[in-house]
Amino acid sequence: MPMSTRLNPLLGLPFEGALEDLGPEYWDVVEAATFPRTRLRFRNDPLLHQLGLDPASVSDDDIEAAYGRFEGRAPLLALRYHGHQFGAYNPLLGDGRGFLYGQLRDRHGQLLDLGTKGSGTTPWSRGGDGRLTLKGGVREVIAGEALQRLGVSTSRTLALIETGEDLWRGDEPSPTRSAVMVRVARTHLRFGTCERLLFRRQPAQLERLLRHVVACHYPHLAVSHGDGEPLLVAFYGALVQRVARLAAEWMAAGFTHGVLNTDNMSLAGESFDYGPFAFLETWDPGFTAAYFDHDGIYAYGRQPLVCEQNLRLLQEPLAMLLPRAPLEAALEPFGEVYDAHYRRCLLRRLGIDAPTSAEAAADLPDPLPATLRLLAGWPVAYGSFFAALAGRVRAGGLPATAEDLEPFVAGAPAPPRAEWLAWRDSWWHGCQAVADQAGIAAGLQRWNLPETPVRPVIERIWAAIDEQDDWTPLQQWLARTV
Ligand SMILES: Nc1ncnc2c1ncn2[C@@H]1O[C@H](COP(=O)(O)OP(=O)(O)OP(=O)(O)O)[C@@H](O)[C@H]1O
Ligand SMILES: [Mg+2]
C-alpha cells in the first residue's frame with residue numbers, strides 16, 4: 001500500500017514575498033533555534049479560518065511542525081529597525097528574538113504578516129537569548145484577544161508553543177519556561193524602521209519602503225493621490241488618523257500598553273507588542289504599567305500625547321522626502337479625531353449609540369464627563385463597572401426611570417452621591433436618546449468583557465499553569481471572552 005503523504009496545510013499557505021522583494025537592505029536571513037521539545041499550548045482557530053484554512057484540517061502537530069520546528073519554510077527574515085525608547089534614540093535594535101515568518105492574504109484579501117517571537121537569536125540579539133518566556137507568551141495571547149474583543153485594532157496570537165528550555169529573567173521567578181509565539185499583524189514595519197533609514201541617510205530606501213507600505217496597507221490612497229509627493233503626505237495623514245483612533249480605543253478599553261517606544265509603533269497604525277501591558281483597575285490617568293517606567297512616561301493617561309509625539313518624531317525621516325508644512329498640517333487633526341473616536345468608543349461601552357445621542361442630547365447632561373467623574377471618585381475596577389452595568393441591564397432591562405437604577409457593582413463601596421446621581425441621570429437620558437432601545441442591552445454585551453484581564457486575573461491564570469500545568473483557567477477565560 002502506498003504511504004500516505006499528507007501535507008501540512010500550514011506549509012501549503014500561499015505566501016507572498018512582499019517584504020522579501022524589497023531587498024536585503026531591510027532585513028537579514030536568519031535560522032530558527034532548535035528546541036528540545038515542542039508542545040502546542042494555544043491555537044487560534046478563528047484566525048486559522050481567517051487565513052483561509054479549515055481549522056479541523058490543521059492538527060496540533062502541524063502547528064508544532066511549522067512554528068516550533070520550523071519545517072519547510074525559508075527564508076525567515078529578521079527585520080532591521082531602530083527606535084526612540086523613553087525619549088532616547090537607540091540604533092541598537094532590530095528583530096532580536098523573532099522574525100517575519102511569511103506574508104499572506106486573508107479571506108478578505110488583506111495582506112498580513114506572520115511573525116514569531118522567541119524563535120532564536122538573530123544578528124540583532126546583542127547578547128540577548130532570543131527567547132520568550134511562556135508567561136510572556138500567555139500574556140500576549142490574553143492582550144490580543146481581549147483588545148480584539150473590545151474593538152481595538154490589534155495584532156493577535158495565532159499559536160503559542162512551549163519549547164522546553166529554562167530561561168533566566170530579572171522580572172520573573174527563574175528558571176522560567178520558554179515559548180515561541182506566532183503573531184498575526186498587518187505589518188511588522190515600525191516607525192523605527194523609517195528612523196533607521198534617516199540615521200543612515202538613505203532617502204531612496206525610505207521612499208521604496210513607504211511606497212511598499214502604501215501599496216500593501218493603504219491601497220485606497222493611490223486612487224485619489226496619484227503616486228507622487230501627495231501620496232506620501234496622504235499616507236502620513238491616514239496614519240495620523242489611524243493612530244489617533246488607536247489611542248482612543250486603548251483609552252476607552254482602559255488599556256495601558258506600557259512601552260510606547262517608536263519601535264513598537266506600527267506603520268499600519270495597529271496595536272502590537274504586549275510586554276508589560278496592564279488593564280486599569282481603578283481609573284487613574286497616572287497608572288503606569290511597566291515597572292521600569294519610573295517617570296510614568298507611558299502612563300495610561302499620557303498615551304494620546306505620546307502617540308502624537310511619536311507621530312511628530314516620524315516626521316523627521318519623512319522630511320528627507322517631503323516638505324514639513326504639509327506633514328504638520330496632516331498631524332493637526334490628531335486631537336479632533338482622538339476626541340471624537342474616544343467619545344464614540346466610551347459611549348458604546350455604556351450601550352449608547354454615539355451619533356444618535358450626540359444629536360439628541362444638546363440640552364441633556366453629557367454621560368461622557370459624568371462617567372469619568374464617577375469613576376475617578378468610586379473605587380471600582382474600570383472594566384467591572386461596565387461589565388456590571390451590562391449585567392444589570394441584561395437581568396433587569398432598562399430602568400423605567402433614572403431613579404430606578406441603584407449602584408450595580410456587587411461588593412463595591414457606595415459611590416460618591418453627587419457623582420452617582422449625575423452619572424445615573426446622564427446615562428439614563430443618554431439611553432432615552434438612542435433610537436434602537438432594544439440595541440442597548442446588546443451593545444453593552446458586545447462592547448464589554450465579562451472579565452477584564454487585569455493583573456490579578458492574569459496572575460491567577462498563570463499560577464494554575466505554573467503550579468499545576470493546568471491550562472483550564474486560560475481556556476475558560478478565552479471561552480468567556482472571545
Ligand atoms: N530575549 C531577547 N533576546 C534578544 N533580543 C531581545 C530579547 N528581548 C528583547 N530583545 C530585543 O530588544 C528590543 C526591544 O524589545 P521589545 O520587547 O520591544 O520587542 P520584542 O518584544 O522582542 O518584539 P516585538 O516588538 O516584535 O513584539 C528589540 O530589538 C528586541 O528584539
Ligand atoms: Mg518591541
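**Exercise 1. How many residues surround ligand 1, and which are the closest?**

Before starting: this is a predicted model, where local features need pLDDT of at least 70, side-chain atom pairs count only at pLDDT 80 or more, and totals for chains, interfaces and linings use all residues. Residues are numbered from 1 along each chain as written, chains are lettered from A and ligands numbered from 1 in written order, and side-chain values use heavy atoms, without hydrogens and water.

Step 1. Collect every residue with a heavy atom within 4 Å of the ligand; you get 18 residues.
Step 2. Pick out the closest: Gly94, Gly96, Arg97, Lys117 and Arg183.
Step 3. Sort the shell: 10 are charged, 6 polar and 2 nonpolar, with Gly counted as polar and Asp, Glu, Lys and Arg as charged.

**Exercise 2. Find backbone polar contacts to ligand 1.**

Step 1. Look for pairs of N or O atoms within 3.5 Å.
Step 2. Ligand oxygen atoms give you Gly94, with a backbone N or O atom at 2.7 Å, and Gly96, whose polar backbone atom is also 2.7 Å away.
Step 3. A ligand nitrogen atom lies 2.8 Å from a backbone N or O atom of Gly130.
Step 4. Check the cover: ligand 1 alone exposes 590 Å², and the protein buries 81% of that (Shrake-Rupley, 1.4 Å probe).

Methods
Polar contact = N/O pair within 3.5 Å; in protein donor to acceptor, adjacent residues only side chain to side chain.
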